[in-house]
Amino acid sequence: MSTPALAELLPRPGRVPLVEVVVTEAIDAQVTPRLRVLLDEVLALRPEHLVVDLAGCTHVDASGVAALLETHRQAMRDGGRLSLRAPSPSVHRNLQLARVANVLHIVLPKVSLPAEDWSAAAGTGTLVDPRPTR
């Protein structure tokens, strides 16, 4: 595997390197319009990488899946990337049932913990157990 050149690691002019959006509620027909507005505003920043943290999201319905898929398409068209971070098992299952789990970039925690413990540490897909060691 080759190492990326330094120029590939630096953000391109006029672009934001990373934007993170944390979802703290279920994405359903009532929430989706607000989420779409937010994601459109974020995409206007032209992020290299947009991370949507789903650790606090308990459910995603078809309207939410469509919003995430359209955000993915818009990011890709603009040369960016969308990642969904730490979806709960039920949200991940809904993405699988909608047949978009292989299209969207999903970063799952590497250990099993309650969803409320995933969010902060799941950015890299590596999770440190927050329970104190003895």
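Guide: The expected span of a helix is taken as 1.5 Å times one less than its number of residues. In this predicted model, helix 2, which covers residues 32–43 and so numbers 12 residues by the DSSP assignment, reaches 16 Å from its first C-alpha to its last, close to the 16 Å expected at 1.5 Å a residue. Within helix 2, the residues Thr32, Leu35, Leu39, Val42 and Leu43 are buried. Seen down the axis of helix 2, these buried residues fall within an arc of 95°, and therefore they line one face of the helix. An α-helix has 3.6 residues a turn, so residues three or four places apart point the same way. On the face of helix 2 turned away from the buried side sit the exposed residues Arg34 and Glu41. The cover over the buried residues of helix 2 includes strand 1 (16–22), strand 2 (47–53) and helix 3 (62–77).

Arg15 counts as buried because its relative accessibility is 9%, where the cut-off for buried is under 20%. A polar atom of the Arg15 side chain lies 2.9 Å from the backbone oxygen of Pro47, and the side chains of Arg15 and Glu48 are joined by a polar contact of 3.4 Å. Leaving aside residues up to four places away in sequence, Arg15 touches Leu45, Arg46, Pro47, Glu48, Asp78, Gly79 and Gly80.

Notes
Residues are numbered from 1 along each chain as its sequence is written. This is a predicted model: local features need pLDDT of at least 70, side-chain atom pairs count only at pLDDT 80 or more; totals for chains, interfaces and linings use all residues. Side-chain values use heavy atoms; hydrogens and water are left out. Helices (H or I, at least four residues) and strands (E, at least two) are DSSP runs, numbered from the N terminus. Buried means under 20% relative accessible area, exposed over 50%, partly exposed in between (1.4 Å probe, protein chains only). The arc is that of the directions from the helix axis to the C-beta atoms. Contact means heavy atoms within 4.5 Å. A polar contact is a pair of N or O atoms within 3.5 Å; within protein, one must be able to donate a hydrogen and the other to accept it, and residues adjacent in sequence count only if both atoms are side-chain atoms.
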